[in-house]
Amino acid sequence: MKEIIDLTAFQVVLAYIFVLIVLAIVRIQGIGREKEIFISSVRMTLQLILAGYILVYIFNNPSPWLTLLVILLMESFAVYTVLKRFINQLNRCFKIVIAISMGIGTLTCLIYFLLIVIRISPWYDPQYFIPIAGMFIGNTMTGISLGVKFLLEGMTNQRALVEEALILGATPQSASKSIINSTFEAAIMPTINSMVGMGIVFLPGMMTGQILSGTLPTTAIAYQIAIMFGILGAVALSVILMLQLGYRTFFNQESQLILP
């Protein structure tokens, strides 16, 4: 296998031509998103540079406390990102449900994946723990965001149907079942779609990175298959927990529908 080609700072700067192209298109079309695109590009660059130096230190000084601290920060930022998208739309109980669901869903699947499937040693090995946790948490964040969005829309748009079912004697769970099922389907669909097109339409980033670093394609494929199943499990478990606990926050103790 060939050695990986190191990119110089100048070569990375050359990649910014794609940002300039997008800025030009947005400017010509009058979309008015130039500032947002520029800021997001610069922010991403600075965040990744900072993350790179932090990971170098953590990898050279492995510690269970450092690994757990990084995972906690990742989980906290993911929860914050989800809640930020729905300012003034969620009650306090629902916010707690989102945090608990993401924590249980991602950590349960992550621990099983690392300790049972890959069997890393020591258990806190940051070289495996942190990158894989990032993939699990990142995809789960997307699934939870979609789940919250569609659950809010479903409860709001179908309020009359839910209240009618309640009047006829249905429980909150029965009245919300169709909304919960359709929301779950919408939330995990991006993950399923990426699995369908993987290997034919595109090669995932982790697999590409492993191949570029000199790993045998067959080894990279084995890792990617296992990780995609782990991501699917983390997303599905987190979303279903959020839905099964979250729908109850839309009802009071008298089983009456209340919306934020």
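In the predicted model, Ser 41 is in contact with Tyr 16 and Val 19, once its neighbours within four places in sequence are set aside. Ser 41 belongs to helix α3. With a relative accessible area of 12%, Ser 41 falls under the 20% limit and therefore counts as buried.

The largest contribution to the lining is that of α3, with 9 residues. In terms of residue class, the lining is made up of 13 nonpolar, 2 polar and 1 charged residues.

Helix α3 also packs against α6. Two packed helices are described by the angle between their axes and by the distance between those axes. For α3 and α6 the angle is about 145 degrees, and the axes lie 9 Å apart. On the α3 side the contact is formed by Leu 55, Ile 58 and Phe 59, and on the α6 side by Pro 126, Gln 127 and Ile 130. Of the residues in this contact, 5 are nonpolar and 1 is polar, with no charged residue present.

The fold as a whole contains 10 helices and 0 strands, so that the order of elements from the N terminus is α-α-α-α-α-α-α-α-α-α. The C-alpha trace extends over about 70 × 55 × 35 Å along its principal axes. The protein has 260 residues, of which 33% are buried. Among contacts between residues at least 6 apart in sequence, 74% link residues at least 24 apart.

In soluble globular proteins, nonpolar side chains tend to be buried together. In this model, the largest nonpolar core consists of 46 residues. Phe 94, Ile 98, Phe 136, Val 148 and Met 242 have the most contacts inside this core. Two or more core residues are supplied by each of α4, α5 (92–118), α6, α7 (159–167), α8 (172–197) and α10 (217–246). The greatest share comes from α6, which gives 11 residues. Ile 98 touches Val 82, Leu 83, Leu 90, Ile 144, Val 148 and Met 242, when residues up to four places away in sequence are not counted. Two of these partners, Val 148 and Met 242, are themselves listed with Ile 98 among the residues that have the most contacts inside the core.

Leu 151 is also located in helix α6. Its relative accessibility is 0%, and Leu 151 therefore counts as buried. Beyond its neighbours within four places in sequence, Leu 151 is in contact with Phe 94, Ile 179, Thr 183, Met 242, Leu 243, Gly 246, Tyr 247 and Phe 250. From Leu 151 to Ser 178 the separation is 27 residues in sequence and 11 Å in space, C-alpha to C-alpha.

Asp 6 lies in the segment that precedes α1 (9–14). The relative accessible area of Asp 6 is 63%, over the 50% limit, and the residue is therefore classed as exposed. Asp 6 and Gly 169 are 163 residues apart along the chain, and their C-alpha atoms are separated by 67 Å.

Several backbone features occur in loops. Asn 88, in the loop between α4 and α5, has a phi near 65 degrees, a positive value in a residue other than glycine. At 74% relative accessibility, Asn 88 is exposed. The loop between α5 and α6 contains Arg 119, which also is not a glycine and has a positive phi of about 65 degrees. Arg 119 is exposed as well, with a relative accessibility of 64%. Pro 122 is likewise placed in the loop between α5 and α6. The peptide bond leading from Ser 121 to Pro 122 is cis, and its omega is near 0 degrees.

Methods
Residues numbered from 1 in each chain as written. Predicted model: local features only at pLDDT ≥ 70, side-chain atom pairs only at ≥ 80, totals over all residues. Heavy atoms only, no water. Helix = DSSP H or I, 4+ residues; strand = E, 2+ residues; numbered from the N terminus. Nonpolar A, V, L, I, M, F, W, Y, C, P; charged D, E, K, R; others polar. Axes fitted to C-alpha atoms, helices over the stretch in contact; angles between N-to-C directions. Contact = heavy atoms within 4.5 Å. Buried < 20%, exposed > 50% of the residue type's maximum accessible area, 1.4 Å probe, protein only. Core = buried A, V, L, I, M, F, W, Y, C linked by side-chain atoms within 4.5 Å.
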